[in-house]
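Q: Please go through this structure term by term. For each label, set the value against its definition.

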Amino acid sequence: MKQDVYAPLDRDFTGDVQMVFKRTLDKLTEEKGILGCLLVDCEGLVVSESLGSGRKDPEEVAALAGMLTNFLEHWFGEMDGSPFDQCVLSTDSSSMAIRKVGCLYLVVFLKGSGLSGYMANIVTISEAVATIAMMLQRTCG
Amino acid sequence: MLGGRVLDVDLLLEEREVHEVHDILLREAVRLARELEGEDFDVGKFEAQVDNSREYYPNPKFCKLPPTFCSANCPIEECVRIKMLSEIEILRQIISDYRRRIFQKVTSAPEGPPHPQRKIKKLELEDLVRKEGVIALTVKYPDGWRDMGKVKLSTVSSELTALLDEHLKNVGIGEFRAALLHLSVGTYIICKGKFLLGVLAAPFVREGLLFLWAKEAAS
């Protein structure tokens, strides 16, 4: 697996993989400008989440992320055979970024519409991606 | 990465000598600084700032000379390498910050002060395809989708916007407005506005600029 250029957000890799994922997502959600995040697999199932209470339904978000990434993987594959890497979706009130990490997808909800919210947090998000990638590598090889 | 591809420094360091990587990053930082601050940007001053912000200069492990004797021509190879790596890290952070600022500038300034990139406002939609770096464009006119350029994007634009229109609201993040997607062949943007618009551009086209084109074309 290709390593991200960023250092991991969480350098504490103690505990099982679920615990590290949860801790990383919680840290990411603490960032100013980030509303919440979750990790989903390619089938649209929740692996770990930090969305806060009563904000969004993790199952619905995961299902959307799964559907969208399947669509993009398929389309990108048809275009030039390259895998899907990342995307940012902007709405009239907020935005949502999806980053591929190995076999998983990190979904991040950001404050404000447009793409500037993502750009303002790109380093922290990349650090979270690096942590998850490292943990996946340790676990799955 | 968004806001211009983030240079994969680790990969560069695997493939090239440290001084080459350093030069690549320095050139990129200067290019971005010029874009942000105009052609009057003082390169010499910038290089001096980077030089002064090095943390391990000189490295006492390899060199006992006082800092004033320290130079890039130092014969102690390992010492120079460490200095270079330190500077590479500083440049990486500077580039990341510049990209963020450029992106905010071009995507958030509604009418704003005149910016060189805003000249493209006058471009007609079809001109986007003729513009260097834009591979294809698809537009939804009242009578349907129309592809301009060599790549057919109307199907994917149509399917993707339908998917996002239908599902984003359900998730509770509001009504779909724009999407920016990354492919290895380039960046694909959909903007929902006056025209529903899809743009595919080569990887070297900066996303901030591309997003501005799309936003202005769609408004």
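A: H4(A) comes first: it has 19 residues and reaches 26 Å from its first C-alpha to its last, close to the 27 Å expected at 1.5 Å a residue. The expected span is 1.5 Å times one less than the number of residues. Helices (H or I, at least four residues) and strands (E, at least two) are DSSP runs, numbered from the N terminus. The model is predicted: local features need pLDDT of at least 70, side-chain atom pairs count only at pLDDT 80 or more, and totals for chains, interfaces and linings use all residues. Residues are numbered from 1 along each chain as its sequence is written, while chains are lettered from A and ligands numbered from 1 in the order in which they are written.

Q: What makes residues of H4(A) buried?
A: A residue is buried if 20 or more other C-beta atoms, placed from the backbone, lie within 10 Å of its own; it is exposed if 12 or fewer do, and partly exposed in between. In H4(A), the buried residues include Ile122(A), Ile125(A), Val129(A), Ile132(A) and Met135(A). Glu127(A) and Thr131(A) are also among them.

Q: What do the buried residues of H4(A) pack against?
A: Their partners are H1, E1, E4, E5 and H3 of chain A. Contact here has a cut-off: two residues touch if their C-beta atoms, placed from the backbone, lie within 7 Å.

Q: Which residues have the most contacts inside the largest nonpolar core?
A: They are Leu106(A), Val107(A), Val108(A), Ile132(A), Ile189(B) and Val199(B), in a core of 76 residues. H4(A) gives the most to this core, with 9 residues. A nonpolar core is a set of buried Ala, Val, Leu, Ile, Met, Phe, Trp, Tyr and Cys residues joined through C-beta atoms within 7 Å. Apart from it lies another core, of 9 residues, with Val21(B), Leu25(B), Ala29(B) and Ile94(B) among them.

Q: What does Ile189(B) touch?
A: Not counting residues up to four places away in sequence, Ile189(B) touches Ala179(B), Leu180(B), Val199(B), Leu210(B), Phe211(B) and Ala214(B).

Q: How do you know that E3(A) and E4(A) pair?
A: Pairing needs at least two bridges found by DSSP between two strands. E3 (residues 86-91) and E4 (residues 94-101) of chain A have 5 bridges, so they pair, and they run antiparallel. Gln86(A) stands opposite Arg99(A) in E4(A). A hairpin of 2 residues joins E3(A) to E4(A).

Q: How many bridges link E4(A) and E5(A)?
A: There are 8, in the antiparallel sense. Arg99(A) faces Leu106(A) in E5(A) across this pair. The hairpin has 2 residues between the strands, and Gly102(A) in the turn has a positive phi of about 60°.

Q: What makes E4(A) mostly covered?
A: Of its 8 residues, 7 are buried.

Q: What is the order of the open sheet?
A: Its 10 strands run E2(A)-E1(A)-E5(A)-E4(A)-E3(A)-E3(B)-E4(B)-E5(B)-E1(B)-E2(B), with antiparallel pairing.

Q: Why are two of these called edge strands?
A: E2 (46-50) of chain A and E2 (144-149) of chain B each pair on one side only.

Q: How do you know that the span of H6(B) agrees with expectation?
A: H6 (residues 154-171) of chain B has 18 residues, which should span 26 Å at 1.5 Å a residue. Its end C-alpha atoms are 26 Å apart, so the two agree. Val156(B), Ser157(B), Leu160(B), Leu164(B), Leu168(B) and Val171(B) are buried in H6(B). Just after H6(B), Gly172(B) takes a positive phi of about 85°.

Q: Why is Lys140(B) called partly exposed?
A: Lys140(B) has 18 other C-beta atoms within 10 Å, so it falls in the in-between class. Lys140(B) is found in strand E1 (residues 134-141) of chain B. Leaving aside neighbours within four places in sequence, Lys140(B) is in contact with Trp145(B), Phe195(B) and Leu196(B). Lys140(B) and Leu197(B) are 57 residues apart in sequence and 6.4 Å apart in space, C-alpha to C-alpha.
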